[in-house]
Structure formats: C-alpha cells, structure tokens
Amino acid sequence: MGRAFEFRKARKMKRWSAMSKAFTRIGKDIVMAVKEGGPDPDSNSRLRAVIQNAKSVNMPKDNIERAIKRASDKNQGDYKEVVFEGYAQHGIAVLIETATDNNTRTVANVRSYFNKCDGSLGTSGSVVFMFDHTCNFKIKGDDLDLEELELELIDFGVEEIFEDTDEDEDGNEQTSVMIYAPFESFGNIQSYLETNNIEIISSGFERIPQVTKALTPEQAEDVEKLLEKLEEDDDVQNVYHTMEEIAE
C-alpha cells in the first residue's frame with residue numbers, strides 16, 4: 001500500500017465527521033458547480049460529482065434539489081475558492097482550502113486563528129509545494145478486477161488503486177475501491193468510469209503531504225488547537241497538514 005492508502009486511513013477517523021458541516025460544504029460545492037456549468041447534471045460533470053458526494057453522506061434529495069434551485073437564482077452570490085498557507089507550532093505546515101463570498105472576512109478569521117495558536121500565516125507558495133494535489137474516486141467494487149482496471153487507467157496517471165472498507169449506518173462493513181491520481185486526471189477518469197458503467201460512490205480532491213513529522217502528544221495537542229479552530233470555520237472546506245497522524 002502507498003501514501004494515498006495510509007493518508008486516507010489516518011484521516012478517515014476524524015475529519016468531516018459532523019453531518020451539518022458536510023452539508024454546508026456540499027451546499028457551497030453545488031453553488032460553484034451550477035454557476036460554472038449550469039443546473040443540469042447531465043451536461044455538467046462537476047455537478048454530477050457533487051451530487052454523488054451529497055448522496056454518499058446521506059444528504060436528502062430535497063436538500064440537493066433546493067440547493068441547485070437556489071444556486072440557479074441570479075441573486076445567489078458565488079463563492080470564490082481561496083487557498084491559505086502557513087505554519088502551526090513545532091514546524092507543522094498547514095494548507096487550508098476555503099470557499100468564501102467575503103474574502104476580507106475569511107482572511108481576517110484565518111489570520112486570527114494562526115495568531116491565537118502561536119502559528120504564522122504565510123504567503124502564497126510558502127507550503128503548497130509540500131503537498132501533492134490529487135483526485136480520488138470511490139467506486140463500487142463488485143465484480144471488478146483491480147489489476148485489469150489499473151491497466152486500463154494507467155494512461156490517465158493513476159497512482160494507486162486499493163480496496164477500502166467503511167461502515168454503513170447500521171454498522172455493517174462495506175467494501176469499495178479507491179482510485180488516486182494527479183489532480184488534472186479527474187475529468188478523464190470520471191469520463192472512463194461513467195462510459196464503462198462503473199458506479200461512482202463519491203469523488204473529490206485531496207492534498208497529500210510528501211513528508212510528515214512525528215510530534216509528542218503534547219506537541220500534537222498544540223497543533224490540534226489550530227486545526228480545530230480552522231475546521232470549525234464555515235468558510236473552510238478542507239485543512240491539510242504535515243503532522244504525522246496515527247490511524248486507529
């Protein structure tokens with residue numbers, strides 16, 4: 001197993017566990033997708049992907065339809081995707097992805113979190129090079145030959161394909177297949193999976209640290225204070241860092 005497998009295993013246990021936060025994040029994704037490509041998922045591949053993600057976290061169909069309708073309204077403001085970079089205590093690099101309709105507010109909030117937690121907000125490019133920008137797909141694994149699938153997708157730059165296990169709402173284990181590839185491969189892989197009738201459960205983008213740093217429990221607690229403040233902010237979509245995480 002490679003870095004993507006270990007990264008996913010470590011992050012699964014705690015990030016984005018709150019349903020309300022997930023719904024807020026997806027709601028913004030719907031707005032950005034509709035503003036970019038229109039309200040019809042048949043002709044808007046980005047919106048199709050967001051709807052799949054909404055279903056994967058059990059977002060009600062009515063909520064999805066209302067979000068698409070609101071996003072189609074000319075009075076609905078758009079969200080701008082802004083990336084922030086900085087350092088937490090103990091030399092841990094932090095990269096924050098936001099979706100905001102008020103950049104001044106978001107900048108002020110993010111800066112205040114770093115200041116309160118003895119970190120430092122950096123300039124653009126200060127830590128982003130420490131992370132590989134990847135895309136990922138979670139697909140139904142029934143009757144799939146992973147070696148054959150990997151050979152089919154290798155021309156798209158796929159780096160890892162592996163089986164993954166999650167629990168459903170009833171606590172039953174469900175096995176799926178994860179695909180990781182470079183960020184720019186998303187469209188081609190999505191098209192291949194849809195053309196070959198391979199069911200996509202969810203998809204997205206992640207930034208995987210190239211190198212992680214182990215901290216003592218006390219040091220990790222210092223860093224967690226900053227991460228928690230960032231993740232609680234409504235403008236923040238994702239937070240990545242170089243602190244070594246131990247999967248349970």
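The radius of gyration of the protein chain in this predicted model is 18 Å, in agreement with the value near 18 Å that a compact globule of 248 residues would have. Along the principal axes, the C-alpha trace spans about 50 × 50 × 40 Å, and 44% of the 248 residues count as buried. The secondary structure of the protein chain comprises eight helices and eight strands.

A search of the whole structure identifies nine salt bridges. One of them is formed by Asp132 and Arg3, with the closest N and O atoms 2.4 Å apart. This pair links distant parts of the chain, since Asp132 is located in strand S4 (residues 131-140) and Arg3 in helix H1 (residues 3-11), at a separation of 129 residues. Asp132 counts as partly exposed at 26% relative accessibility, and Arg3 is likewise classed as partly exposed, its relative accessible area being 41%.

Helix H1 also contributes Arg8, the side chain of which meets that of Asp164 in a salt bridge with an N to O distance of 2.7 Å. Because Asp164 lies in strand S5 (residues 160-167) and Arg8 in helix H1, the contact ties together parts of the chain that are 156 residues apart in sequence. Asp164 and Arg8 are both buried, that is, each has under 20% relative accessible area.

A further salt bridge is found between Glu81 and Arg46, for which the closest N and O atoms are 3.8 Å apart. Glu81 belongs to strand S1 (residues 80-87) and Arg46 to helix H3 (residues 45-56), so that this pair ties together parts 35 residues apart in sequence. Glu81 is exposed, with a relative accessible area of 54%, whereas Arg46, with a relative accessible area of 24%, is partly exposed.

Pro41 is situated in the loop between helix H2 (19-37) and H3, and at 25% relative accessibility Pro41 counts as partly exposed. Ile64, found in helix H4 (residues 61-72), is buried, with a relative accessible area of 5%.

Definitions and conventions
Residues are numbered from 1 along each chain as its sequence is written. This is a predicted model: local features need pLDDT of at least 70, side-chain atom pairs count only at pLDDT 80 or more; totals for chains, interfaces and linings use all residues. Side-chain values use heavy atoms; hydrogens and water are left out. A salt bridge is a side-chain nitrogen of Lys or Arg within 4 Å of a carboxyl oxygen of Asp or Glu. Helices (H or I, at least four residues) and strands (E, at least two) are DSSP runs, numbered from the N terminus. Buried means under 20% relative accessible area, exposed over 50%, partly exposed in between (1.4 Å probe, protein chains only). The radius of gyration is taken over C-alpha atoms; the globule rule is 2.2 Å times the number of residues to the power 0.38.
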